[in-house]
Each structure stands twice: as C-alpha cells, then as structure tokens.
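Here is a quick tour of one structure, from single residues out to the spaces between them. Take a look at the sequence and the fold, then read on.

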Amino acid sequence: MKDNNGFITIMALAIMSIILISSLYLMYTYSLEYMIVTSTVNSMQSYYFSEGKVYLILNHEKYLDSIMPHIRQFVKDIYIKIIKGISIQLDYEDLFEGDKNNIVSANIYHDYDGRIILELKTKSTYRNVTREVVSKITVINELFELGIPVVSVYSLDDKKQHMFDDYMNYLKNNLEIPELDSGIYGICLEDYEKIKLIRNSNDYNIECYRNGIKYPVEKKIFASDKVFLLVKQNNMGPNVYIVDLNGLEDFKLAGIIYVEGDLIICSDFEFNGILIVNGSINVESSANMKVNGILLYKGEESIEDERLQLQYDFANIRKYGIYLPEFIKLNIRNIKSN
C-alpha cells in the first residue's frame with residue numbers, strides 16, 4: 001500500500017511538472033509571438049512614417065523649393081554626373097509624434113536606364129524601432145525621356161497617347177514666356193494671321209501680318225540666336241508661322257519654338273532644342289529642316305518628309321526644357337526599405 005502511495009506521488013509530481021513545463025512553454029511562446037507581432041507592427045509603423053516624409057517633401061512647396069535649385073542645376077548642366085549630400089531639414093511640427101529624425105538626405109544622378117533620378121533617404125523611429133527608406137523619384141516628364149525624336153499620337157502607345165494629349169492641352173492653356181536666362185530672346189505673339197521669321201545678315205526679324213494687309217503691322221528685331229518663341233492661336237484663325245532665309249545660308253536657332261498653327265519651312269533651317277507644333281509642318285521643295293532635340297507634334301497626319309531631319313538630342317532638351325511648365329515633373333519610381 002505504501003509502495004502504491006509512493007508511486008502515485010511520483011506520478012502526480014511528474015504530471016504536475018509536465019503541466020508546469022507546458023504552461024511555461026506556452027507562456028514563453030505567447031510572449032515571443034507577442035514581441036514579434038509588436039516588433040512587426042512597430043517596424044511597419046516606422047516604415048510608414050519614413051514613407052510619409054517622402055510624400056511630405058514632394059507635396060510641400062517649402063521643401064521642394066529647397067531642392068529645386070539643385071535639380072535645375074543638374075538638368076541644365078550635362079557635365080554634372082551626380083549631386084550628393086543634399087540635406088533637407090523638416091519642421092518638427094510636420095513629423096509624427098515621437099519621431100525626432102527630421103533630416104532627409106538627397107542625391108541626384110542617372111539611373112540604370114539613363115533617367116534622371118532624385119534619391120531621397122530618410123528614417124523614422126516608432127517605439128524604439130527605426131526603419132530607413134530609400135526612394136527613387138524620376139525628375140523629368142517621361143515624354144521627354146522616351147529617346148525618340150518625334151513625340152506624337154503616331155509614335156506612342158495608348159497610355160502614352162493620353163499623357164501626350166493631356167500635356168499638349170496643358171501647354172495650350174498654361175504656356176507663357178517665363179523668366180529666361182541672359183542671352184535668350186523671348187516673345188509671345190497672338191492675334192496675327194501670318195508670322196515670318198527672317199534671318200538677315202546681322203540679326204533676325206519677326207514680321208507680323210493680319211487682315212490680309214500686304215505689309216507687316218508689327219516688326220520685331222533681335223540679335224540672339226537663342227529664342228523662346230510662343231505663337232498662339234486666336235479668333236482670326238490659325239497663325240501661319242513661316243521661316244524665311246531670303247537666300248542666306250546658315251540659318252540656325254536654338255531654344256524653344258511653340259506654334260499653334262501651321263509651320264512652313266521656306267529655306268534651309270537648323271533648330272537645336274524643343275519644337276512644339278500644334279498644327280501641320282510643311283517643308284517647301286527648295287528647303288530642308290533639321291531639328292536636334294525633340295519635336296512634339298499634334299498634326300492631323302504623321303510626318304513623312306525626307307526634307308525634315310529629326311535627331312533626338314537629350315542635351316538640348318535638358319538645356320531648354322526647364323523653361324517649360326511640367327518639364328520637371330517628380331514621380332515616385334520606387335520606395336524600398338533598408
């Protein structure tokens with residue numbers, strides 16, 4: 001009987017030990033899972049805080065203004081390969097409660113496919129968990145970085161056709177002559193039926209005609225070979241923009257030419273920069289035209305003229321594109337956590 005009592009006692013102790021060990025294991029497992037879940041939640045929250053700083057910079061003018069001079073410098077100067085160590089200081093009131101990391105670092109460089117990238121690096125801390133985020137942001141409007149000399153509905157897929165139409169409509173409603181660098185002649189012309197751009201021996205003339213009058217009602221003279229020429233449509237009908245060399249050679253211009261109407265090339269002409277035509281392009285049989293840069297074309301039919309030579313030149317596009325609205329257009333390419 002005593003032996004049985006001793007056996008029962010041993011078995012009871014063994015069972016109690018197993019129950020205790022199982023309970024401790026369950027408590028340990030629960031505690032570990034709780035810590036893992038808590039750490040994961042805190043890590044995710046820290047990531048979202050860091051990601052939020054990227055959107056904060058892209059959507060607040062005061063932060064964009066601090067990096068835009070660097071972006072414009074990089075875009076204009078083709079010899080700069082990278083700009084490193086840009087520091088953006090966020091206001092603490094713009095941070096989430098408890099986060100003290102208010103410095104975002106930025107670099108500007110070319111990505112694997114040649115596109116200009118603004119890289120933002122930021123980190124945030126939430127309940128002692130810190131996450132760093134690196135975001136790549138494309139800088140230039142995609143239409144200008146396609147690597148093709150003519151951007152039109154005839155050269156784009158459906159998605160990019162919508163982008164192109166939207167951008168051309170945006171330009172039509174918003175394009176103005178901005179503040180230009182020294183040496184670039186800017187002029188906006190409207191309310192004319194016909195406009196002639198004439199190369200003389202020492203300068204350039206712009207002659208403006210209306211109402212069928214034989215002689216120009218207005219004339220502009222400028223000496224710079226760099227222009228921002230904006231020709232807008234009016235109630236009198238489309239402007240006709242004519243380039244006329246009057247028999248002289250080496251007619252070259254650089255910059256931006258925007259025409260709402262027909263562009264007629266009467267003499268050999270070379271243009272380095274961005275040509276935007278919201279109408280047709282006609283090259284007369286005695287003339288040739290060469291564009292080194294890009295042509296944005298919204299005519300009713302595709303361009304097929306051997307007298308019109310088009311060469312995609314990203315250097316010329318970058319140099320003058322900064323004067324166009326929505327040329328610098330920041331879009332997030334990806335956001336990754338380190």
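## A lysine tucked away

At 3% relative accessibility, Lys 53 counts as buried (buried means under 20% relative accessible area, exposed over 50%, and partly exposed in between, with a 1.4 Å probe and protein chains only). Lys 53 sits in helix α1, residues 2–59; helices are DSSP runs of H or I with at least four residues, strands are runs of E with at least two, and both are numbered from the N terminus. What does Lys 53 contact, leaving aside neighbours within four places in sequence? The list is Leu 90, Leu 95, Asp 99, Asn 101, Thr 122, Lys 123 and Ser 124, where contact means heavy atoms within 4.5 Å.

A word on ground rules: this is a predicted model, in which local features need pLDDT of at least 70 and side-chain atom pairs count only at pLDDT 80 or more, while totals for chains, interfaces and linings use all residues. Residues are numbered from 1 along each chain as its sequence is written, and side-chain values use heavy atoms, with hydrogens and water left out.

## Salt bridges

There are 12 salt bridges in the structure, each one a side-chain nitrogen of Lys or Arg within 4 Å of a carboxyl oxygen of Asp or Glu. Glu 145 and Arg 115 make one of them, at 2.7 Å from N to O. This pair links distant parts of the chain, 30 residues apart: Glu 145 is in the loop between β4 (129–140) and β5 (150–151), and Arg 115 is in the loop between β2 (103–110) and β3 (116–126). Buried or exposed? Both Glu 145 and Arg 115 are buried.

Glu 142 and Lys 160 also pair up, at 3.5 Å from N to O. Glu 142 lies in the loop between β4 and β5 and Lys 160 in helix α3 (residues 158–174), so the bridge ties together parts 18 residues apart in sequence. Glu 142 counts as partly exposed at 30% relative accessibility, and Lys 160 as buried at 19%. Then there is Lys 252 with Glu 270, whose closest N and O atoms are 4.0 Å apart. Elsewhere, salt bridges with shared partners join Asp 111, Asp 113, Lys 136 and Arg 333 into one network.

## Nonpolar cores

The largest nonpolar core has 53 residues, and those touching the most other members are Ile 88, Leu 118, Leu 120, Phe 144, Leu 296, Leu 324 and Phe 327. Here a core is a set of buried Ala, Val, Leu, Ile, Met, Phe, Trp, Tyr and Cys residues joined through side-chain atoms within 4.5 Å. A second, separate core of 32 residues includes Ile 257, Phe 269, Val 277 and Val 283.

## Pockets

The largest pocket has a volume of about 310 Å³. On a 1 Å grid over the protein atoms alone, a pocket is an open set of points where a 1.4 Å probe fits, with protein on both sides within 12 Å along at least five of seven lines, and lining residues have an atom within 4 Å of a point. Grid points are joined across faces, edges and corners, and the volume is the space filled by probe spheres set on the points. Of its 18 lining residues, Leu 324, Pro 325, Glu 326, Phe 327 and Ile 328 are the closest to the centre.

The second largest pocket comes in at about 180 Å³. Its lining has 13 residues, with Asn 141, Glu 142, Met 163, Lys 329 and Asn 331 nearest the centre. Helix α3 gives the most to this lining, with 4 residues.
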